[in-house]
Amino acid sequence: MFQRRNRISFVLHLGGDLVLTGLAFVLSYRAIEIFYRELNPLDHYSALLIILPVWALILSRSRIYQPLRFISSLDLFLEIGRSVLIGTLAIFAYLFLFKKIEVSRLLVLLFSLADFLALFG
């Protein structure tokens with residue numbers, strides 16, 4: 001029973017974190033659009049949706065879903081930072097390998113910062 005409850009809790013937390021990651025991307029896009037207005041339409045970035053399964057894999061392999069009594073705040077901060085960094089590197093690798101020059105690198109960096117803040121907050 002406890003394993004089932006832990007599994008349900010894990011899936012709910014991971015799903016919530018992926019929703020936060022998606023919202024961080026949209027908010028980052030809107031923020032840059034307000035200040036620069038030189039971005040491609042949002043549908044040009046739909047190829048980046050491939051990162052959500054990768055992000056889910058990275059987050060599920062980290063220690064951030066352990067009970068807080070087993071992980072300190074500093075360790076949680078570092079684990080989230082490491083996960084976001086690995087995910088950001090995966091995005092940049094994808095952009096480089098598939099020559100996606102139309103994707104704003106500033107957007108990716110702002111998204112990474114927003115995602116880190118959303119996941120840690």
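**Salt bridges, a buried Asp and a nonpolar patch**

Me: How many salt bridges are there in this one?
Reply: The count comes to 3 salt bridges. Keep in mind that this is a predicted model.

Me: OK, start with R30. What does the R30 side chain pair with?
Reply: R30 meets E33 in a salt bridge, with 2.8 Å from N to O. The two residues are 3 apart in helix α1, so about one helical turn separates them.

Me: How accessible are R30 and E33?
Reply: R30 is partly exposed, since its relative accessibility is 39%. E33 also counts as partly exposed, at 25%.

Me: And which residue does R82 bridge to?
Reply: That would be E79, at 3.0 Å from N to O. Both sit in helix α3, 3 residues apart, or about one turn of the helix.

Me: Buried or exposed, what's E79?
Reply: E79 is buried, because its relative accessible area is 13% and the cut-off for buried is under 20%. R82, on the other hand, is partly exposed at 40%.

Me: Which residue does D75 bridge to?
Reply: D75 pairs with R63, and the N to O distance is 3.7 Å. D75 is in helix α3 while R63 is in the loop between α2 and α3, so this pair ties together parts that are 12 residues apart in sequence.

Me: What about accessibility for D75 and R63?
Reply: D75 comes out at 32% relative accessibility, which makes it partly exposed. R63 is partly exposed too, with 34%.

Me: Changing topic: what's up with D115? Where does it sit?
Reply: D115 is in helix α4, which covers residues 105-120. It is buried and yet has no salt bridge.

Me: Where's the nearest opposite charge to D115, then?
Reply: The nearest side chain of opposite charge is R82, and that is 13 Å away. A salt bridge needs the nitrogen within 4 Å of the carboxyl oxygen, so R82 doesn't qualify as a partner for D115.

Me: So which side chains does D115 make polar contacts with?
Reply: One is T21, with a side-chain polar contact of 2.9 Å. Another is W55, where the side chains are also joined by a polar contact of 2.9 Å.

Me: What else does D115 touch, beyond its sequence neighbours?
Reply: Leaving out anything within four places in sequence, D115 is in contact with L20, T21, A24, W55 and V84.

Me: L20, hmm. Which surface patch is L20 part of?
Reply: L20 belongs to a nonpolar surface patch with V19, L23 and L27. Together they have about 370 Å² of accessible area.

Me: Where's L23 in the fold, and how accessible is it?
Reply: L23 is in helix α1, residues 2-35. Its relative accessibility is 48%, so L23 counts as partly exposed.

Me: Last one, R37. Where is it, and how accessible?
Reply: R37 is in the loop between α1 and α2, with α2 covering 51-61. R37 is exposed because its relative accessible area is 66%.

Me: What's the C-alpha distance from R37 to S73?
Reply: The C-alpha atoms are 38 Å apart, and R37 and S73 are 36 residues apart along the chain.

Key:
Residues are numbered from 1 along each chain as its sequence is written. This is a predicted model: local features need pLDDT of at least 70, side-chain atom pairs count only at pLDDT 80 or more; totals for chains, interfaces and linings use all residues. Side-chain values use heavy atoms; hydrogens and water are left out. Patches are made of residues with over 30% relative accessible area and no salt bridge: like charges are joined within 9 Å, nonpolar side chains (Val, Leu, Ile, Met, Phe, Trp, Tyr) within 5 Å. Accessible areas come from the Shrake-Rupley method with a 1.4 Å probe; for residues, only the protein chains shown count as cover. Helices (H or I, at least four residues) and strands (E, at least two) are DSSP runs, numbered from the N terminus. Buried means under 20% relative accessible area, exposed over 50%, partly exposed in between (1.4 Å probe, protein chains only). Lys and Arg count as positive and Asp and Glu as negative; His and the chain ends are not counted. A polar contact is a pair of N or O atoms within 3.5 Å; within protein, one must be able to donate a hydrogen and the other to accept it, and residues adjacent in sequence count only if both atoms are side-chain atoms. Contact means heavy atoms within 4.5 Å.
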